[in-house]
Amino acid sequence: MDDIKQLIGKELQDFEGKFADSVKSHVPLLDRIMHYIVKRKGKQIRPMFVLLSARLFSNEIGESTYRAAALVELLHTATLVHDDVVDDANQRRGLFSINALWKNKIAVLVGDYLLSKGLLLSLNNNDFRSLQILSEAVKEMSEGELLQIEKTRKLNIKEDIYFEIIRRKTASLLASACAAGAWSASNDDHSTEQMRLFGEKVGIAFQIKDDLFDYGSAKIGKPTGIDIREKKMTLPLIYTLEHATPETRRRIINIVKNHNTEKDRVEEVIQLVKASGGIDYTKQKMLEYRDEALAILHKFPQNDIRNGLESLVRFTTDRTF
């Protein structure tokens with residue numbers, strides 16, 4: 001990650017200032033909350049994908065690219081704020097969530113404010129194509145979330161449905177980040193679609209990696225079994241259920257449905273998943289999507305920027321947090 005940040009260090013620094021400016025308001029309460037949001041920024045993976053995707057087609061980053069990166073981050077942050085309300089989550093990245101500090105009503109309004117700032121940023125600058133790309137992603141994310149809720153109730157998610165959920169829910173935003181970055185620098189539909197597909201493959205691999213963390217595949221200082229407790233059907237569990245004996249399948253479903261808060265029972269499911277080969281199978285699928293993404297990337301000329309994008313892709317699957 002340090003090498004990547006060195007490659008676009010100045011652009012990232014410029015982006016941070018422009019993003020902070022983009023969320024300013026004339027309401028003191030909103031400004032305090034926006035300051036808190038800017039201060040607790042994460043790894044900034046999505047803005048990095050926007051900037052690097054643009055640099056793949058241009059040596060210089062223009063204002064339209066910075067606006068595309070800000071739009072991605074505004075929409076992403078808005079969805080996180082709303083997700084924390086829906087999930088009744090009190091923490092995000094080890095810090096208090098907006099709803100924990102300012103309650104649900106304010107958090108929902110803050111999410112709406114971020115969304116409106118993103119829309120206005122694009123409309124006021126005639127960035128209609130970027131807005132179209134990102135609006136499609138927001139629609140996909142909402143559909144993916146609702147599809148997951150619908151299927152989780154019955155615990156009947158098959159592998160194809162799982163991939164459809166994560167394609168919509170997670171990968172669509174990363175796909176739109178790469179597409180918006182490419183469009184902002186190239187104005188070329190073919191290149192934009194290639195980068196959208198690239199981002200989609202990376203996004204799916206990214207989510208699979210997150211799902212693996214739940215089974216203790218890395219020492220990340222984070223409790224395992226959270227997805228099981230929340231009755232989320234991820235690929236390791238889906239694979240195990242599809243290959244288990246009827247008796248083991250019934251036992252796993254009973255634990256997930258009725259005993260998901262009992263630490264020993266959750267641990268039993270984790271061990272059954274590991275014994276079934278579910279972890280190895282999931283890693284294999286993750287690497288397949290990573291390699292498909294790299295195959296698309298390798299259609300473009302090799303240079304430092306392409307190498308930087310490849311490093312960022314490999315970070316998403318090799319990361320330990």
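Me: Which helix does Ser 22 lie in?

Reply: Ser 22 is in helix α2, which covers residues 9-22. Keep in mind this is a predicted model.

Me: And is Ser 22 buried or exposed?

Reply: Ser 22 counts as buried, because its relative accessibility is 13% and the cut-off for buried is under 20%.

Me: What does Ser 22 touch, leaving out residues up to four places away in sequence?

Reply: With those set aside, Ser 22 touches Leu 74 and Lys 117.

Me: OK, on to the core. Which residues touch the most other members of the largest nonpolar core?

Reply: Met 34, Phe 49, Leu 114 and Phe 198, out of 63 residues in that core. Helix α5 (residues 63-86) supplies the largest share, 11 residues.

Me: Who is Met 34 in contact with, if we skip neighbours within four places in sequence?

Reply: Met 34 then contacts Val 23, Val 110, Tyr 113 and Leu 114. Leu 114 is also on that list of residues touching the most other core members.

Me: How many residues are in the second core?

Reply: That separate core has 32 residues, including Leu 147, Ile 208, Leu 212 and Tyr 289.

Me: Switching to the surface: which residues make the nonpolar patch?

Reply: Leu 115, Leu 119, Leu 123 and Phe 128 make a patch of about 330 Å². Helix α6 (residues 98-123) gives the most to it, with three residues.

Me: Where is Leu 115, and why does it count as partly exposed?

Reply: Leu 115 sits in helix α6. Leu 115 has a relative accessible area of 31%, so it is partly exposed, that class running between 20% and 50%.

Key:
Residues numbered from 1 in each chain as written. Predicted model: local features only at pLDDT ≥ 70, side-chain atom pairs only at ≥ 80, totals over all residues. Heavy atoms only, no water. Core = buried A, V, L, I, M, F, W, Y, C linked by side-chain atoms within 4.5 Å. Buried < 20%, exposed > 50% of the residue type's maximum accessible area, 1.4 Å probe, protein only. Helix = DSSP H or I, 4+ residues; strand = E, 2+ residues; numbered from the N terminus. Contact = heavy atoms within 4.5 Å. Patch = residues over 30% accessible without salt bridge, like charges linked within 9 Å, V, L, I, M, F, W, Y side chains within 5 Å. Areas by Shrake-Rupley, 256 points an atom, 1.4 Å probe, with all protein chains shown as cover. Salt bridge = Lys/Arg side-chain N within 4 Å of Asp/Glu carboxyl O.
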